[in-house]
Amino acid sequence: MGKTCDDPLHGLTVVVDTPGSVVYIGRYHSETRDGFLLMDADVRDVGDPSAKADYLARSARMGVFKNTDRVIVPRSEAASVRRLIEYADTQ
Amino acid sequence: MRYPEEMVQPMRQELVQMGFQETRTPDAVKDVVASGTTLLFINSVCGCAGGIARPGLALALSHDAVPDHLATTFAGMDMEATDFVRSLYSEYPPSSPQAALFKDGKPVAVIQRHQIEGTTPQHFAGLLTAAFDQHCRSDAPA
């Protein structure tokens with residue numbers, strides 16, 4: 001694993017999506033042995049997975065509704081890691 | 001926790017040199033946004049976004065339509081003023097840096113950190129000038 005600051009996502013606001021109804025939005029710090037470390041994150045269970053697209057589009061428009069200082073998302077839970085801004089097009 | 005003033009001073013000066021007025025108290029913010037159009041920039045030490053935003057501001061200010069007033073507070077330094085700015089558009093979560101365009105005291109556009117980081121000064125300038133075109137021209141809707 002390289003230095004944290006060499007990671008192209010370091011410092012950027014990302015969405016770590018899961019196959020279920022939970023989504024993680026936060027500032028990507030690094031990929032650790034245990035998973036993806038996000039800072040100032042919004043850890044959100046949107047209930048119905050079909051509501052996720054709307055929630056992400058709203059976050060892309062408004063910003064991150066932080067509810068967690070620091071979270072590690074287990075790699076096994078992550079379906080994708082994308083920048084939040086990419087979800088702005090889905091509005 | 002505040003940063004050492006000597007650390008942020010060059011970033012403050014960058015904006016002052018562009019013509020931004022430093023608004024370090026809630027009253028100063030209230031006064032500057034009260035009438036006409038005002039771009040209020042929440043400055044930040046963040047290298048990922050602040051380092052893109054400041055040159056982006058300079059580019060945007062060479063546009064043919066610009067706000068009547070330019071003002072700035074510094075996140076993590078001018079705490080009360082920054083909190084007051086954010087209270088004016090509390091439906092948006094806080095971020096820094098952050099840019100907000102006001103018209104006669106009301107926020108009409110807010111640009112968040114995630115729209116700036118990882119992009120370019122030109123991209124940020126484009127977001128700003130789109131808002132200027134919509135709200136700062138003499139024929140813009142009231």
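Glu14(B) sits in helix α1 of chain B, which covers residues 5–18. The model is a predicted one.

Start with this glutamate. Glu14(B) is partly exposed, at a relative accessible area of 32%. Leaving aside residues up to four places away in sequence, Glu14(B) touches Arg54(B) and Pro55(B). With Arg54(B), the link is a side-chain polar contact of 3.2 Å. Pro55(B) lies 41 residues from Glu14(B) in sequence, yet their C-alpha atoms are 9.0 Å apart.

Next, the sheet of chain B. Five strands make up an open sheet with mixed pairing, and their order is β1-β3-β2-β4-β5. Which strands stand at the edges? They are β1 (21–22) and β5 (106–111) of chain B. Each has a single partner strand, so one side of each has no neighbour in the sheet. Strands of a sheet pair through backbone hydrogen bonds, in a parallel or an antiparallel sense. For β2 and β4 of chain B the sense is antiparallel, over six bridges. Within this pair, Thr37(B) is opposite Lys103(B) of β4(B).

| Element | Residues |
|---|---|
| β2(B) | 37–43 |
| β4(B) | 98–103 |
| α5(B) | 121–135 |

Helix α5 of chain B lies across β2, β4 and β5 of chain B. Against β4(B), helix α5(B) runs at about 10 degrees.

Now a helix pair. Helix α2 (residues 26–33) and helix α4 (residues 79–87) of chain B have axes that come within 8 Å and cross at roughly 40 degrees. That angle makes α2(B) oblique to α4(B). From α2(B), the residues involved are Pro26(B), Val29(B) and Lys30(B). They meet Glu80(B), Ala81(B), Phe84(B) and Val85(B) of α4(B). By class, the contact of α2(B) with α4(B) holds five nonpolar residues, two charged ones and no polar ones.

Which residues of helix α1 (residues 52–62) of chain A are buried? They are Lys52(A), Tyr55(A), Leu56(A), Ala57(A), Ser59(A), Ala60(A) and Met62(A). What do the buried residues of α1(A) pack against? Their partners are the chain A strands β1 (13–17), β2 (22–32) and β3 (35–45).

How values were computed
Residues are numbered from 1 along each chain as its sequence is written. Chains are lettered from A and ligands numbered from 1 in the order in which they are written. This is a predicted model: local features need pLDDT of at least 70, side-chain atom pairs count only at pLDDT 80 or more; totals for chains, interfaces and linings use all residues. Side-chain values use heavy atoms; hydrogens and water are left out. Helices (H or I, at least four residues) and strands (E, at least two) are DSSP runs, numbered from the N terminus. Buried means under 20% relative accessible area, exposed over 50%, partly exposed in between (1.4 Å probe, protein chains only). Contact means heavy atoms within 4.5 Å. A polar contact is a pair of N or O atoms within 3.5 Å; within protein, one must be able to donate a hydrogen and the other to accept it, and residues adjacent in sequence count only if both atoms are side-chain atoms. Two strands pair if DSSP finds at least two bridges between them. Axes are lines fitted to C-alpha atoms, for helices over the stretch in contact, and angles run from 0 to 180 degrees between N-to-C directions. Angles under 35 degrees count as roughly parallel, over 145 as roughly antiparallel, 65 to 115 as roughly perpendicular and the rest as oblique. Ala, Val, Leu, Ile, Met, Phe, Trp, Tyr, Cys and Pro count as nonpolar, Asp, Glu, Lys and Arg as charged, and the others, Gly among them, as polar.
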